[in-house]
Amino acid sequence: MTALLQTRGLEVAIAGKCICRGFDLAIERGQCWGMLGRNGIGKTTLLHTLAGLRAPLAGATLLEGVTLDTLPRRRIAQSIGVLFQHSEDPFPGTVLETVLIGRHPYLAAWQWEGAEDRRRAQQALAAVGMEEMMDRQVATLSGGERQRLAIATLLIQEPRLMLLDEPANHLDLHHQIAILDLLAGQVRDEGRALLMIGHDLNLTARYCDHALLLFGEGETLCGEVAEVLTESHLERLYGHPIRCAEVKGRRVFVAG
Amino acid sequence: MRPSWWLLAGLLLLSVASLIFALAAGSVTIAWPELWAIVNGGEEGLGRSLVLELRLPRALAAFATGGMLALAGALMQVLLRNPLADPYILGISGGAAVGALLTMLLGAGGMWLTGSAFGGALLSMLLVFALAHGRGSWTATRLLLTGVVVAAGWGALISLILSLSPDAQLRGMLFWLMGDLSHADDPWPGLLVLALGLGLSLPLARNLNVLSRGELQAGALGVAVGPLRVRVYLIASLLTAVAVTTAGSVGFVGLIVPHLLRLVLGNDQRLLLPASALLGGSLLTLADTLARTVAAPQQLPVGVITALLGVPVFLYLLSRSHR
């Protein structure tokens, strides 16, 4: 069976700095990937390249065996969803209107969102704990509420692969766990997959079964979490002493 | 039916009302029964030619111009993701003005004036497009900056032409710059381009809703952002070019009408685009009728009236919406 998303000999650079070279990655259904690396190492750029929003210097990204740049954007959007680090809203709009744009890839040019789309939107808002805020103006939301709104938008897009740029950003501790439980649950139960960028080693260890480390200068390391998230790899990754301990059967990382 | 559809129906009624008002009002006021008879083909004589040959073409030209400006403004605001954008922000009116003023300076008029204004607008549109495209990415910021700088260049040329022009021509030039419909006697190009612009932009409306949330987000939701931007730029520019050619640079309609409607309707382009065309058309028809009647026999530049009407209404709505 072909992998959900696969890269072959991918080379990505930004501002003359190499992020990865000859990079091969295969994300299978049911997998959760964590991407780690220092600030400015190119995590977001690589994520955008995997989503087909940016062209690589060399190599190819394949969605279920088909090269991304041969697929129409609409078709890609039905399979790959992206949670961005920043959301823009220069014009006024309500929470419900904002969530509904997640249905865009499924609607024909003249088609309006129907009752079914509205039902899904309400469901998604309820899943992120925002069902009471449907008529609120987006401009009045807090950072954490905006983040949950963006996640609800991603949920009704129903992508098989979710590419998440710091999903825990702005979320309080309870919502970090609740949202990641929700997303990881979808991956497990519905045969989706996710790849998330993060800086919290403990969240990565808790939710991801695979990890991808970006060391810079094109050097990468990917594999199963148990082999990749080790003290020596992480100390090299961040240039900072790190200790690993077990608390209630979970691996916990502490900065030294 | 949703409330927003009622609003669209209301705007349609307003459009018809503004056209009737434009036909009835003027140096000779034409009463209802007489107007009805003229429209139905009865009634001979002065009244008939006044309404059908003078007022009707001018009212329709005003409606088309206002509709084109408001639609172009709504499109530009989403394209540049900047609520302060108007149809002139990328220098199209400046190019048209330089063409028109040069023709006036040379003493030509009529077709020459129309042709050179349209030529100037097209030149400006292609210039901004080519410069903003250049090498590398075509971002909204780069397009905006290129347009603003090109517009400033046209502004300098306009000042130069005005300072070189003999006094006899200055008045006509200033009227053109402020927006003036007294020479607009052929409404058809405007009406056709307005219909074309609406027909081409309405199927893109939901794509534009997504684009207003950012280019990356739009791409991730399945919008082919590059081709969409080029199409919207071309549609908005063509609308502006024809509007400016018809009536000179009428200010405020393109900025204020989409804004007003956004305060009431929200930012759904599927409603906003047709509503902008209707309200912009009605507003300019009313403003032009006032421009030729309030100080009769003196005619005022219509751009002055749109600004005088638009500014207080807009400020009022803005202060109300912030509560």
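The model shown in every view is predicted.

Figure 1. Read along the sequence, the chain B pattern is α-α-α-α-α-α-α-α-α-α-α-α-α-α. The C-alpha trace of chain B spans about 65 × 60 × 35 Å along its principal axes. Chain B has a radius of gyration of 20 Å, which agrees with the value near 20 Å for a compact globule of 323 residues. Of these 323 residues, 48% count as buried. Among chain B contacts between residues at least 6 apart in sequence, 77% join residues at least 24 apart.

**Figure 2. Overall fold of chain A, with nine helices and 12 strands.** The radius of gyration of chain A is 18 Å, close to the 18 Å that the globule rule gives for 256 residues, so chain A is as compact as a globular protein of that length. Its C-alpha trace spans about 50 × 45 × 35 Å along the principal axes. In chain A, 41% of the 256 residues count as buried. Of the chain A contacts between residues at least 6 apart in sequence, 66% join residues at least 24 apart.

**Figure 3. The contact between chain A and chain B, seen from the residues that chain B supplies.** The contact takes 21 residues from chain B and 24 residues from chain A. On the side of chain B that touches chain A, helix H9 (205-211) and helix H10 (215-220) of chain B each supply at least two residues. H10(B) gives the most to this side, with four residues. By type, the residues on the side of chain B that touches chain A divide into eight nonpolar, nine polar and four charged.

Figure 4. B:Gly219 counts as buried because it has 23 C-beta neighbours inside 10 Å, the cut-off being 20 or more. Leaving aside neighbours within four places in sequence, B:Gly219 is in contact with A:Leu53, A:Arg73 and B:Val225. B:Leu126 lies 93 residues from B:Gly219 in sequence and 26 Å from it in space, C-alpha to C-alpha.

**Figure 5. The largest nonpolar core, with 161 residues.** The members that touch the most other members are A:Ala152, A:Leu163, A:Leu194, B:Met68, B:Leu75 and B:Leu239. Helix H3 (residues 46-79) of chain B gives the most to this core, with 17 residues. Not counting residues up to four places away in sequence, B:Leu75 touches B:Ser201, B:Val232, B:Ile235 and B:Ala236. In soluble globular proteins, nonpolar side chains tend to be buried together.

Figure 6. The buried residues of H4(A) are A:Ala121, A:Ala124 and A:Leu125. They lie on the same side of H4(A), because they cover an arc of only 100° around the axis. An α-helix has 3.6 residues a turn, so residues three or four places apart point the same way. What covers the buried residues of H4(A) includes helix H3 (95-100) and helix H5 (143-157) of chain A. The face turned away from the buried side of H4(A) carries the exposed residues A:Ala115, A:Glu116 and A:Arg119. Just after H4(A), A:Gly129 takes a positive phi of about 75°.

**Figure 7. The loop between strand S7 (161-165) and helix H6 (173-190) of chain A, in which A:Glu166 is found.** A:Glu166 is not a glycine, yet has a positive phi of about 50°. With 19 C-beta neighbours inside 10 Å, A:Glu166 counts as partly exposed, since a buried residue needs 20 or more. A:His170 is also found in the loop between S7 and H6 of chain A. Its phi is positive, about 70°, although A:His170 is not a glycine. A:His170 is partly exposed, because 16 other C-beta atoms lie within 10 Å.

Notes: Residues are numbered from 1 along each chain as its sequence is written. Chains are lettered from A and ligands numbered from 1 in the order in which they are written. This is a predicted model: local features need pLDDT of at least 70, side-chain atom pairs count only at pLDDT 80 or more; totals for chains, interfaces and linings use all residues. Two residues are in contact if their C-beta atoms, placed from the backbone, lie within 7 Å. Ala, Val, Leu, Ile, Met, Phe, Trp, Tyr, Cys and Pro count as nonpolar, Asp, Glu, Lys and Arg as charged, and the others, Gly among them, as polar. A nonpolar core is a set of buried Ala, Val, Leu, Ile, Met, Phe, Trp, Tyr and Cys residues joined through C-beta atoms within 7 Å. A residue is buried if 20 or more other C-beta atoms lie within 10 Å of its own, exposed if 12 or fewer, and partly exposed in between; C-beta atoms are placed from the backbone. The radius of gyration is taken over C-alpha atoms; the globule rule is 2.2 Å times the number of residues to the power 0.38. The arc is that of the directions from the helix axis to the C-beta atoms.
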